[in-house]
Amino acid sequence: MTLAIDDSRRSIALWGGFAMMCVGMFMALLDTQVVVTSLPTIQRALGIPEDQMSWIQTAYLISEIISIPLTGLLTRAFGIRWLFIVSVSFFTLASIGCANSAGFSSLILWRICQGFAGGTLIPAVFSAVFLLFPLHRQTLATMIASVLAVLAPTIGPLVGGWVTQTYSWPWLFLINVIPGVVVAIAGIYLLPRATLRLDQLKDLDVISLLFGAGALAALEIAIKEAPDHGWLSPWVIGLFVFCIVATAIFIRRTLRATNPLVEIRTFGNRNFSVGCALSFVVGIGLYGSIYLMPVFLAYVRGHNALQIGEIMLVTGVAQIACAPIVAMLVRRFDVRFLSAFGFLVLTLGAALSANQTQSTDFAGMFAGQLVRGCAFMFCVLPPTELALGNLSPAAIPDASGLFNLMRNLGGAVGIAIIDSIIFTRSPEHAQNLFNGLVSGDPGTLSTLGVTHGALMQAAVDPGKRAAMAELLKKVAFADSINDAWFALAILTLAVTAALVLARPSSEGHARTMSKSFASTD
């Protein structure tokens, strides 16, 4: 009887500890999305240049990219218990730092810290499923974690908008403090103890890590600086050259390492390589779309953070509605065809948003959001099975981390490319519109929604002239955002061709689907 009671208490403690880990993961996933609707608000509050605003999001993503492949090593060194406690504590402290940032530089620094901690929390939960629970309990644990993994990004934009509108933008980060403290303390008592094996840290290839991080940073900075300095300027060319050299050194060292930072040889598996290419592009589409929407709604439509969150909820609801349907289809149909269908639908979803005007609002954005929300599930679950389904069980943990890393990398690079398109094309569109106004072109007047008489009045009335200039700027900005949507559509259509290289996937669904839900952030 005493033994049964002890087992029951241990089981309750174990599930309680796992629940705390899930809350920590939920915080990290929520923080990826909760900021997006409030980016314009933060930009104005801190006086950040508009073309640098996206660093608030990309700094978090890049830091996650660096920490994800380290999670396995850190788990072996610290164990699940201390890795979680340290990560969630660091995440909470970084959240306080973000909330108290007085300028752009300090906010980016704390976002980097947040992203690094959050990047370890997400895969740690799905590792805990297999490390803490017996086989017959793993399905339930996976389901709990998967539901939260899908729920967090769905409600994130709405929660972020409500918090910013009701309180202020620092509370986007302060809402992490109380849950962070609670789950860290609870984790100390509830998660099983394990022996520290700090000697494992000697396997960390610090030089490879530095070169990998340097290559990512150089690539991001080069893409962002190109519109201002020119793509062929010495500064931008130098950054690209450094990125190429650092990447080459990273690959060379990683291939020769006894305990590589990431297992690059897995790319020798054709399906894994195709799956990673799809993951990279879906990262561009996923993070790119949730960046473009609030930028358009704030700067063109003039909506506040809460209104933006309410409009963006459509995509999240569509994702949740489609998730069980896609999971069922993956069991019955060739994942290559499901993936192709998903990317073709995503192409349509991006194209539907590529003709927005200065008056487009919820109704005009609804179809594009709905289509993209459904498409994202087809672009995440089947490619996950395609990439991981033919790998051995021993290879899946590292391969899964690399697969998810590619999606975050796509998101970071995609946002930088989108910024480059917007802030390069916007002045060009503005100049073309101005030339059309000067010449009295009927097409330009129709695009701007002004009459010839109003144009004449603007020529002599400074107030009307200023209003006309503001209208011209909004229309040019909307046109440049349309260019970005069109680029996303072309890219998602082009990557579909990679599926002709994939082979039919063998039965691997049971062991890979738990990883796929972790990739929906």
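Which residues touch the most other members of the largest nonpolar core? The views below are of a predicted model, in which local features need pLDDT of at least 70, side-chain atom pairs count only at pLDDT 80 or more, and totals for chains, interfaces and linings use all residues. Residues are numbered from 1 along each chain as its sequence is written, and side-chain values use heavy atoms, without hydrogens and water.

**View 1. The largest nonpolar core.** Phe18, Ile42, Phe84 and Phe272 touch the most other members of this core of 139 residues. A nonpolar core is a set of buried (under 20% relative accessible area, 1.4 Å probe, protein chains only) Ala, Val, Leu, Ile, Met, Phe, Trp, Tyr and Cys residues joined through side-chain atoms within 4.5 Å. Helix H11 (residues 270-299) gives the most to the core, with 18 residues.

**View 2. Surroundings of Phe84.** Leaving aside residues up to four places away in sequence, Phe84 touches Met20, Met21, Gly24, Leu121, Val183 and Leu191 (contact: heavy atoms within 4.5 Å).

**View 3. Helices H3 (residues 55-67) and H9 (residues 206-229).** The two axes, lines fitted to C-alpha atoms over the stretch in contact, come within 10 Å and cross at roughly 160°. H3 is therefore roughly antiparallel to H9 (angles over 145 degrees). H3 contributes Trp55, Thr58, Ile62, Ile65 and Ile66 to the contact, and H9 contributes Leu209, Ala213, Leu216, Glu220, Ile221 and Lys224.

**View 4. Helices H12 (residues 305-332) and H14 (residues 362-388).** These helices pack at an angle of about 35°, with axes 7 Å apart.

Conventions. Axes are lines fitted to C-alpha atoms, for helices over the stretch in contact, and angles run from 0 to 180 degrees between N-to-C directions. Helices (H or I, at least four residues) and strands (E, at least two) are DSSP runs, numbered from the N terminus. Angles under 35 degrees count as roughly parallel, over 145 as roughly antiparallel, 65 to 115 as roughly perpendicular and the rest as oblique. Buried means under 20% relative accessible area, exposed over 50%, partly exposed in between (1.4 Å probe, protein chains only).
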